[in-house]
Each structure stands twice: as C-alpha cells, then as structure tokens.
Amino acid sequence: MMKMFKNSKTVAVLIAAFLLFALGASDVLAANAEPKQKNIILATTTSTQDSGLLDVLIPIFEKETGYFVKTIAVGSGQAMAMGQKGEADVLLVHSPDAEKKFMEAGNGVNRRLVMHNDFIIVGPSADPAKIKGLKSSAEALKTIAKAGALFSSRGDNSGTHAKEKALWKQTGITPAGQKWYQETGLGMGQTLNVASEKKGYTLADRGTYLALKKNLGLDVLVEGDAALLNIYHVIEINGTKWPKVNAAGGRAFADFMVSKKTQGIIKTFGVDKFGSPLFFPDAGKKVEDLGK
Amino acid sequence: MELIVQGIVKAFELLLSFDPEVLGITWLSLKISGTATFISLFFGVSIGTAVALTTFPGKRLVISLINTGMGLPPVVVGLFVTIMIWRSGPLGFLEILYTPYAMIIAQAIIATPIVMGISLASIQNLPPNLRLQILALGASRMQMVWVLIKESKLPLLAAVMAGFGGVISEVGASIMVGGNIKGYSRVLTTATVMETGKGNFDIAIALGIILLILAFLVNLLLTHVQQRQRLR
Amino acid sequence: MNSIMTVQNLLVRRGGVTVLDIEEMSVEAGRVLALIGPNGAGKSTLLLTMAGLLKPDRGRIFYRGVPVDTGARRSEMRKSVSVVFQESLLLNTSVYKNVALGLMFRRLTTGDIRKNVENALAYFGISALAGRSAKTLSGGEAKRVSLARAFALKPELILLDEAFNSLDPPTRETLIDDLRHILEETKITAVLALHDREETLRMAQDVVVLADGGILQSGTTAQIFNQPASEFVAGFVGTETILEGTVRNNRNGLLEIAVADKMIEAVGDFLPGKAVFCCIRPENITVSDAPQDKSSARNVFEAKIQKIVRQAFFYKMILDCGFVVVAYITVSSCEDLRLCEGSSVAVSFKATAVHVMPRER
C-alpha cells in the first residue's frame with residue numbers, strides 16, 4: 001500500500017489536512033471536556049448585547065466564578081421561548097408584560113429588577129410631523145400616524161417592538177398595513193439605519209442610538225415619558241420544571257447582576273464613550289419608583 | 001462608495017494591527033470550516049465512489065437524494081441540527097448546542113452532499129471499461145478504487161473547493177447552532193451579521209473583506225494543486 | 001494438444017436474456033485464436049468471463065487443467081491472464097507509470113519493475129515515450145502503451161477485445177504486424193475478438209465463430225474460411241459466392257452438382273439427390289478472356305460481367321454464368337483484358353475450390 005503513496009505531494013497534502021483537523025478537533029474537544037455544569041446559557045436580547053455591557057460584565061463574572069457563559073442574543077420573544085423549553089438557564093430581558101405571563105406559567109423563578117434605560121422617539125431634524133418636545137409618547141405616535149409620516153418598526157417581537165406595540169395600543173390606532181408604517185424585521189442598529197436613510201421616525205433604545213449617533217441623521221425628538229422606560233429583569237429558569245437546566249449557574253449569574261459591585265459598573269458604563277451612562281442600575285428598587 | 005473605502009481601510013487596520021479578536025475569529029473560521037470540509041471529503045468521496053461503483057436496487061433514488069442534498073438550504077440544516085441537539089432533543093445529552101463542535105457538524109452536513117454528488121458524477125464519468133482494465137491488471141478491489149479516485153483528482157479537488165466555499169461563507173446554520181459567542185463560536189460570517197445588525201458597517205465590511213481574502217487564499221492553494229495535475 | 005484454457009457448459013444471462021451459451025471451447029497454448037462474429041454475438045462477454053472478470057451464471061472454466069471456480073482461484077488466474085480493451089484506457093500520468101501499473105499492484109521491487117517496463121516498451125518500440133504524459137499520445141501510440149502494459153506482466157494468455165478497432169488503417173497495419181511477431185517470439189497464447197476478416201486471416205491460427213451467444217463453428221483458420229459449416233458462417237467469412245444446387249452424381253468423391261442449368265464439379269461426400277450449397281471464395285475464381293484448355297480447372301463457364309465494383313486495391317466482379325459468381329481481379333488485369341460491364345469472359349475454378357455443405361430446403 002505504501003507504493004500507492006509514492007507521490008510525496010499526496011502525502012504532504014494529507015499530513016496538512018490531518019494537522020488542521022487535529023488542531024481543530026483538539027481545541028474543540030478541550031473546550032467541551034469542561035464539566036458540563038460549568039456552562040451557563042444566558043438568553044438575552046440583541047440590543048443588550050450590542051450595547052457592549054455584557055462584554056464588560058461577563059468576563060468579570062467568569063473570572064470570579066469559573067463559569068463559562070454562553071450568551072445567546074436573540075429577541076426577547078425568542079429568549080423567553082427558549083426559557084419556556086428549558087433551553088436556557090437564565091434570561092436577561094426587557095419585555096415586562098411578556099415576562100409576567102412567563103412567570104405566571106411557572107417557567108421562571110426569582111424575577112429580579114436589574115436596571116433600566118429608556119426609549120426615545122427619533123426622527124429627521126426637519127421633523128415633518130412636528131412631534132418635537134411632546135411630553136406623551138403615545139401622543140407623538142398619534143401625530144405621526146395622522147401626518148402619514150414614515151415610521152420604521154422593528155417588527156421582530158423584541159422588547160423594543162413590544163414597547164412600541166404597547167404605545168400604539170394606547171393611541172387606539174392600528175398601524176399595521178398602513179403605507180407609512182414599515183416593519184423591518186431587523187435589529188435596532190439596522191432599523192435606525194433604515195429610518196435614517198429614509199428620513200423616517202422610529203422608536204429606539206437610547207443606548208443603541210448613542211452608539212450609532214454619529215452615522216445617523218436622526219435627532220432625539222421625544223424623551224422622558226414614563227411610558228418610555230425600558231426595564232430589565234433577570235429571570236432564573238425554573239430548575240424543578242426543567243431538570244436539565246443549570247439552576248445553580250443561573251442563580252449565580254442573577255446574583256451577580258444585582259450585586260453591588262456589578263450595579264456600580266452598570267452605573268458608569270458608557271460615560272467615557274458617550275458622555276452619559278447607557279443604563280441606570282435599579283437592583284432592589286420597586287418598578288413603580290423608577291424613572292425620576 | 002465612501003463606506004466601502006472606509007471598510008477597506010478598516011480591514012487593513014484590523015489585519016495589520018493583528019487585532020487579536022479579529023485574528024481569533026479568522027482562525028476559528030478556518031478551523032471550523034476546514035475540519036468540516038475534511039470530514040465531508042472523507043464521507044463524500046467514500047460514499048460517492050461506493051454508490052458510483054456498485055449496483056443495487058434503488059440506486060437511482062439514492063443518486064437523486066444525493067443530488068437534492070447538494071442544494072440543501074443551510075439554514076434548514078441548522079434548524080434540524082438545533083432541534084436534534086438542544087436539551088429536549090434526542091441528542092441533548094451530548095450538550096453540544098452553542099459550541100464550535102455543533103458548527104462543525106452542521107457545516108459537515110451541508111458540505112458532504114456537495115462533495116458526494118461531485119465525486120459520484122466524476123467517478124461515473126470515467127470510461128466504463130477502466131474499472132475492468134484495472135482489475136484485469138491484477139488490482140485488488142481497494143487498489144482499483146484508489147486508482148479511480150486518483151484518476152478523478154481534478155473534479156474531486158473542485159468538489160473540495162465547492163464544499164469549503166459553501167461552508168466558510170455559511171451563516172444561518174452557524175448562528176443557530178453556534179450562538180455567535182464571543183471568543184468561542186464567533187466566526188467571520190456570524191460576526192459580520194452581528195456588526196451589520198449593530199450598524200457598524202465599516203467593521204462589517206472589513207470582516208467581509210477578510211473573509212473574501214481567506215476564501216481566495218485557500219482556493220488559490222487548492223487550484224494550484226489541481227492545475228499542477230493537468231500539466232503532468 | 002495442450003489446452004491452456006477450456007470453458008464448459010457456459011451460460012451468462014443479463015437482464016433476463018441469455019447472452020452466452022457455450023457447450024465447450026478450448027484455447028490451445030502457444031497459438032492465436034480469433035473470436036469472430038457479428039456485433040452482439042457475445043465476444044466481449046466471453047472474453048470477460050475467460051479473464052475472470054465476469055462470473056458466469058453456470059459453467060466451469062479450467063485454466064491449465066485446474067478448475068477456476070472460487071473468487072480466490074479467479075484472482076490467481078488473473079495473474080497469468082492479461083486483457084486489452086478497445087479503448088486504450090490509460091491513466092493521466094506518464095507512459096512509464098502506466099506500463100508499470102500492473103507491476104505495482106504486485107508490489108515488486110523498483111528494480112524489477114523498471115526491468116519489466118523497459119522490456120515491454122522496447123518490444124513495442126516505444127522506449128522513447130517513457131517520460132511522456134499519456135494524454136498527449138496519438139491513438140496508435142496509446143494502443144502500444146496499452147499493449148506494453150499488458151505484456152509487462154509476462155502473461156501466459158492475453159485477451160484482446162477488438163483492440164485495433166479505433167485505429168486508422170496504416171497504424172493498424174504496423175501494429176498488427178508487430179503484435180504478430182511478438183506473439184510468435186514469446187509464444188504467448190492470444191485470443192482476439194475481431195470482426196475484420198483480414199485481421200483474422202493474418203493473425204490467427206484458430207477461429208471460433210460466435211453468433212447470438214453460441215458457437216457456430218470452430219477450427220483452424222483454413223477450415224473456417226474454406227469450409228464454412230453454414231451459410232451464415234460462409235457469408236461472414238467472406239465467401240462471396242454461395243450457390244444453391246442439387247447433387248446429381250457422386251463418383252468416388254467427385255461430385256456433379258446441378259446449379260441453375262449448369263453442372264459444377266466439386267469434391268465432397270454427399271449422395272445424389274442431396275440439396276447443397278456450393279461455396280466458392282472469390283480469390284479462387286479466375287477470370288480470363290476465352291475458355292482456356294490449358295487450365296486444370298474442371299469448371300469453366302462463359303460469363304457476362306454484370307457489375308464491376310471498385311474495392312480498395314482491386315475490383316470485385318459480379319459475373320453471370322447462368323448462376324452468379326463473385327470474383328476479385330486486379331486493376332491491371334482488368335485493364336489488360338479491357339474488361340467492362342457487359343464484357344464476355346471465361347470464368348473458371350477448381351473442383352477443390354468448391355466447398356459443399358448441406359442445405360435444408
């Protein structure tokens with residue numbers, strides 16, 4: 001059989017291929033050789049991840065506890081769907097109404113307030129619908145609808161989208177299907193870009209807006225309404241209902257998020273980059289007291 | 001246009017500064033897709049050759065399935081693999097969801113039919129009496145198969161390139177089963193999608209360019225090997 | 001009588017159809033056997049079975065007297081039997097590596113391989129081509145490489161399946177000559193599937209005529225060509241003149257046969273009243289100006305030239321003597337005798353040139 005391999009080039013190629021395979025396999029297998037309970041699956045939202053906060057917090061958590069956190073960034077809706085099936089260990093989401101239903105169904109335990117930031121309504125500086133300075137966000141949306149001005153919605157069941165839908169409900173107007181109402185199905189950053197390109201309005205979380213501000217041609221037009229608060233909770237998945245869930249890991253992460261040290265980091269996150277913090281730490285407070 | 005130029009500049013910045021995160025992502029892309037391609041080469045060539053050389057009832061059906069598999073939508077593969085390996089799935093006990101391991105499996109599933117179909121076609125394309133001639137010269141069955149595979153080196157290398165090209169540029173399945181976890185399962189394609197989603201178009205373009213360069217270099221190497229064959 | 005291979009009771013079916021059904025066939029060692037027959041006769045199938053590449057549905061093969069009936073024995077036999085197909089089937093590598101292929105399967109030492117390869121290349125006059133890429137060869141060169149590859153294994157029996165079909169005539173000529181010499185020199189037994197009469201006559205000492213999977217006739221070349229056993233075989237081997245007649249008289253082996261309204265004299269062993277075919281090969285018919293008394297031919301007839309058909313290097317003449325005969329005549333003779341369609345000539349042939357065989361009415 002060795003005669004078959006007389007061709008040294010064949011040998012070289014095969015060796016190279018084998019090395020590549022071995023390298024890849026060994027890395028992968030090493031990572032997986034860790035005891036499985038060291039892995040925590042954290043389901044959170046794209047906007048949370050995009051803010052960069054987790055990139056700061058998670059390495060600290062991993063170093064302190066030795067856990068390996070797999071951050072899966074999807075929309076709030078999908079995150080909770082994952083939780084409902086026990087496919088995640090802990091959630092960090094910001095869709096309070098859906099969260100309440102989630103808890104009622106017994107899928108989660110220990111829903112704790114972590115932080116908040118706010119949403120803003122942004123639009124072109126020219127502001128054709130003339131909503132600048134309005135105190136009520138619902139009022140602003142009503143005005144946009146009446147003017148038939150272009151509005152970009154995320155349309156992806158994310159926390160942002162849920163908030164937006166709640167506001168529309170308050171106006172009593174159904175925007176779906178109307179010519180000026182466009183659902184992008186995209187993440188926050190992309191939706192902001194679409195609104196900027198088309199000179200339209202959109203509802204965005206302040207964090208993402210600040211991060212992209214310099215490339216966007218959009219101004220903050222409506223802010224500060226209590227209805228625009230974007231509230232983050234951490235929810236541990238119910239280990240009794242889902243035995244495969246890493247309940248201890250989920251608890252450890254949740255505890256970490258509300259710990260004093262972490263809350264301190266959250267308080268200052270983003271200040272040097274954007275001049276103002278992206279999030280406001282709220283652990284231990286009551287939801288009704290937020291905002292002011 | 002300006003954006004593309006920005007992207008090119010950013011790409012060079014990232015590469016020349018040996019930005020560790022970008023290098024890590026690039027190396028991971030290469031490892032994962034390389035391993036997947038290697039696996040697909042093994043299974044694809046062996047099964048493709050076996051199907052080409054044997055007669056069995058239902059052969060035509062099997063060939064149709066292989067050819068259909070070549071056009072399998074990667075995101076569908078990702079979905080099925082996810083369902084298989086998540087906690088409530090039959091393979092959940094392996095606990096490989098959101099790992100590079102799962103990405104290799106998904107990519108191997110995507111690439112294998114491609115390599116299989118092309119191997120099948122190229123072996124079938126050899127002169128029908130060649131097999132008999134080689135056996136007549138005293139080859140054992142294994143020796144005969146090896147000679148036939150070597151005779152098809154050109155199209156088989158094309159198959160490898162097709163398989164590799166398909167998976168290095170794959171994103172849907174990779175995000176689903178890998179989770180795009182920073183420093184762990186984030187590869188060039190998934191990072192590009194994420195940066196685009198964040199609105200960081202310059203970084204996204206830079207990553208895209210790096211991906212193109214990577215794909216180009218690998219194919220350059222394989223093409224070199226392939227075309228050297230032709231001159232012999 | 002040293003048989004190198006014998007097949008008995010051979011049956012091969014494919015797709016529900018019988019493609020080969022042979023009661024008995026032997027190949028004599030050291031001789032060249034031609035397997036001839038029309039397309040679809042089963043020649044290739046027979047060769048593949050003899051090569052041990054095809055397992056028959058029924059039957060036995062004996063190689064040097066030993067029955068070959070297991071997979072292991074078949075592999076053993078394959079070591080002494082080489083096959084060459086119609087296509088050259090060379091690999092995309094150098095000529096040297098191609099010729100060495102079979103030797104490499106046997107795991108010989110590099111030195112041994114080189115010796116055998118160089119020998120084989122020399123035999124076929126292609127030593128200079130050793131380093132060339134096989135894909136750059138002409139048809140004739142490729143065929144020589146294919147043959148060299150088969151001979152490099154020093155086989156005892158070599159099987160060629162219509163090996164010269166794809167070559168142009170001059171290439172074919174030279175190659176056939178070379179092969180003939182090599183076979184004579186090396187005393188390797190050869191079985192060639194052919195459908196060219198000329199090649200058969202030049203190369204083979206024995207002939208087996210195959211049609212529809214069965215043997216119609218087997219014997220030496222002379223036997224087949226001069227004494228075809230049936231009308232079909234006669235037609236196939238190129239006996240252009242086949243006449244229907246009835247034996248009128250048998251005088252000690254000298255027959256008088258009535259054909260049309262003439263009498264033909266022939267040699268044979270049939271009783272008066274027997275319905276027969278008279279086969280006369282065209283090269284045995286002489287065409288001349290006027291009835292010659294000097295010739296020893298007993299059959300002399302006046303004839304009118306019906307048609308003259310130009311063949312490659314001679315003329316084929318269709319003559320009407322009361323019955324139709326086909327004769328060959330050289331171009332120069334034709335011109336000398338100033339023959340053309342309609343001319344009156346004399347046709348003569350020896351009694352011994354007439355092959356008589358029975359005719360079912």
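Guide: A residue is buried if 20 or more other C-beta atoms, placed from the backbone, lie within 10 Å of its own, exposed if 12 or fewer, and partly exposed in between. The model is predicted, with pLDDT of at least 70 needed for local features and 80 or more for side-chain atom pairs, while totals for chains, interfaces and linings use all residues. Residues are numbered from 1 along each chain as its sequence is written, and chains are lettered from A and ligands numbered from 1 in the order in which they are written.

Visitor: Is Asn9(C) buried or exposed?
Guide: Asn9(C) lies in strand E1 (residues 3–14) of chain C; helices (H or I, at least four residues) and strands (E, at least two) are DSSP runs, numbered from the N terminus. Its phi is positive, near 55 degrees, although Asn9(C) is a residue other than glycine. Because 12 other C-beta atoms lie within 10 Å, Asn9(C) counts as exposed.

Visitor: How many other C-beta atoms lie within 10 Å of Lys130(A)?
Guide: Lys130(A), not a glycine, also has a positive phi, of about 60 degrees. It sits in the loop between strand E4 (108–124) and helix H6 (137–147) of chain A. Lys130(A) is partly exposed, because the number of other C-beta atoms within 10 Å is 14.

Visitor: What percentage of the residues of chain A count as buried?
Guide: Chain A has twelve helices and ten strands. Of its contacts with a separation of 6 or more, 75% join residues 24 or more positions apart, a contact being two residues with C-beta atoms, placed from the backbone, within 7 Å. Among the 292 residues of chain A, the buried share is 46%.

Visitor: Which helix gives the most to the side of domain 1 of chain A that touches domain 2 of chain A?
Guide: The domain assignment, automatic or from a database, gives domain 1 (36–117 + 231–286) and domain 2 (118–228) of chain A, with 26 Å between their centres over C-alpha atoms. Their contact takes 16 residues from domain 1 of chain A and 15 residues from domain 2 of chain A. At least two residues of the domain 1 side come from each of helix H2 (46–50), helix H4 (76–84) and helix H5 (96–104) of chain A. With three residues, the one that gives the most is H2(A).

Visitor: Which strands of the open sheet in chain C stand at the edges?
Guide: The sheet has five strands in the order E13-E12-E11-E14-E20 (chain C), with antiparallel pairing; two strands pair if DSSP finds at least two bridges between them. At each edge a strand has a single partner, so one of its sides is left without a neighbour in the sheet. The edge strands of chain C are E13 (262–267) and E20 (354–358).

Visitor: Which residue in E20(C) stands opposite Phe277(C)?
Guide: Strand E14 (residues 275–280) of chain C pairs with E20(C) in the antiparallel sense, over five bridges. In E20(C), the residue opposite Phe277(C) is Met357(C).

Visitor: Which element supplies the largest share of the side of chain C that touches chain B?
Guide: This contact takes 19 residues from chain C and 13 residues from chain B. Strand E6 (81–84) and helix H3 (95–105) of chain C each supply at least two residues of the chain C side. The largest share, three residues, comes from H3(C).
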